[in-house]
Amino acid sequence: MEPRQAKPNRSTYIEGLVFLAFSIALLIYALFNHYQNDGEWKQSPYLFPLLIALFFLPLAVVLLRQGKAEGKKQNSPATLQYKDTAIVALTTLIYMAVMPVVGFLGSSVIFLAVLIWYLGERNTVRIILISILFPLVMYVLFARMLHVMLP
């Protein structure tokens, strides 16, 4: 009798597929919009989304492989937490919609504070420090030092 092939861990596998789809969509978005503007990459506001997309590609592959490996170790696949996934996706969409109005720094601070709180951190000082310092460091590195336009 031929050994039965284990199913991949459904939750991790779906997360990998979502990251893969997101990274491909973001990659297409960044490349398409950059070439529409006919500018240099070092001055392009689409460089940052391109870098994010390139970061998510290997992450997606790792999640897909991990989901497959976890499926071999367990009999029943884990359940995907649709509520958490939907809330994070909705928060991200709101962040993207608010960014043109409030700007990169303001919308990033609010987005990170809300998301960090939702993910379980209750230390107010830590939430404030992370949500202010991370966008500020990104702003200084990309906008001031590398002269890359932020969204």
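Begin by selecting the lining of the largest pocket, which by class has 31 nonpolar, 5 polar and 2 charged residues (Ala, Val, Leu, Ile, Met, Phe, Trp, Tyr, Cys and Pro count as nonpolar, Asp, Glu, Lys and Arg as charged, and the others, Gly among them, as polar). This is a predicted model, in which local features need pLDDT of at least 70 and side-chain atom pairs count only at pLDDT 80 or more, while totals for chains, interfaces and linings use all residues. Residues are numbered from 1 along each chain as its sequence is written, and side-chain values use heavy atoms, with hydrogens and water left out.

Of the 38 lining residues, colour Phe-22, Phe-56, Thr-92, Tyr-95 and Phe-111, which lie nearest the centre of the largest pocket. A pocket here is an open set of points on a 1 Å grid over the protein atoms alone, where a 1.4 Å probe fits, with protein on both sides within 12 Å along at least five of seven lines, and lining residues have an atom within 4 Å of a point.

Next, show the helices (DSSP runs of H or I, at least four residues, numbered from the N terminus). At least two lining residues come from each of α1 (10-37), α2 (47-73), α3 (82-102), α4 (104-118) and α5 (124-145), and α3 supplies the largest share, 10 residues.

Now select α3 and α4, which pack at an angle of about 165 degrees with their axes 8 Å apart; axes are lines fitted to C-alpha atoms over the stretch in contact, and angles run from 0 to 180 degrees between N-to-C directions. The two helices, α3 and α4, are therefore roughly antiparallel to each other (the term is used for angles over 145 degrees). Their contact, meaning heavy atoms within 4.5 Å, includes Thr-92 and Tyr-95 of α3 and Phe-111 of α4. By class, the contact of α3 with α4 has 11 nonpolar, 5 polar and 2 charged residues.

Finally, select α4 with α5, whose axes are 8 Å apart at an angle of about 145 degrees. Among the residues making this contact are Leu-112 and Trp-117 of α4, together with Phe-134 and Tyr-139 of α5. The contact of α4 with α5 has 15 nonpolar, 2 polar and no charged residues.

Definitions and conventions
Parallel < 35°, antiparallel > 145°, perpendicular 65-115°, else oblique.
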